[in-house]
Amino acid sequence: MKIITKGVTQSTLAKEFVALPTPCNDVVYYPAKLADLATEESYTVFQTLSQKSGLAYLAVTQPGTAKIVLAGSKDFINEVYQAIPWSHYEIADEDNKFDYKEPLSLQVLEDYILHLKEQ
């Protein structure tokens with residue numbers, strides 16, 4: 001099952017993480033470093049999971065915003081994420097590890113998201 005989400009989701013800063021509301025009325029968190037990269041015009045894609053609903057999400061960061069672009073089962077979103085052909089990076093601290101991918105440009109990101117929506 002896949003659900004394409006529409007619109008921009010407002011996010012808020014919570015310590016070193018950014019809180020991102022989900023379509024299932026939950027909140028997921030991603031490292032503030034990704035928001036910092038977005039202000040430097042580096043775009044990122046990451047996957048996250050709602051503990052409340054069990055839905056997984058594919059999210060993107062862009063300057064000034066983060067938004068969820070695809071929702072589905074944990075396995076489906078992981079399969080989509082793993083298939084993304086861009087460089088893979090990791091943010092790690094003593095307690096957590098967070099994976100993300102970076103497209104070469106905003107245009108590459110937008111083209112890829114459009115391709116996902118057409119499938």
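Glu16, Phe17, Pro31, Ile91, Ala92, Asp93, Asn96, Lys97 and Phe98 line the second largest pocket of this predicted model. A pocket here is an open set of points on a 1 Å grid over the protein atoms alone, where a 1.4 Å probe fits, with protein on both sides within 12 Å along at least five of seven lines; lining residues have an atom within 4 Å of a point. β8 (87-92) and β9 each supply at least two residues of that lining; strands are DSSP runs of E with at least two residues, helices are runs of H or I with at least four, and both are numbered from the N terminus.

Now for the largest pocket. Its lining has 14 residues, and Gln47, Thr48, Leu49, Phe98 and Asp99 lie nearest its centre. At least two lining residues come from each of β5 (44-49), α2 (74-83) and β9 (97-102).

| Pocket | Space |
|---|---|
| Largest | About 320 Å³ |

Away from the pockets, let us turn to a loop. Asn25 sits between β3 (17-21) and β4 (27-31). Asn25 is exposed, at 63% relative accessible area (exposed means over 50%, with a 1.4 Å probe and protein chains only). Its C-alpha atom is separated by 8.4 Å from that of Lys52, 27 residues apart along the chain.

A note on conventions: residues are numbered from 1 along each chain as its sequence is written, and side-chain values use heavy atoms, without hydrogens and water. As the model is predicted, local features need pLDDT of at least 70 and side-chain atom pairs count only at pLDDT 80 or more, while totals for chains, interfaces and linings use all residues.

Key
Points joined across faces, edges and corners; volume = space filled by probe spheres on them. Buried < 20%, exposed > 50% of the residue type's maximum accessible area, 1.4 Å probe, protein only.
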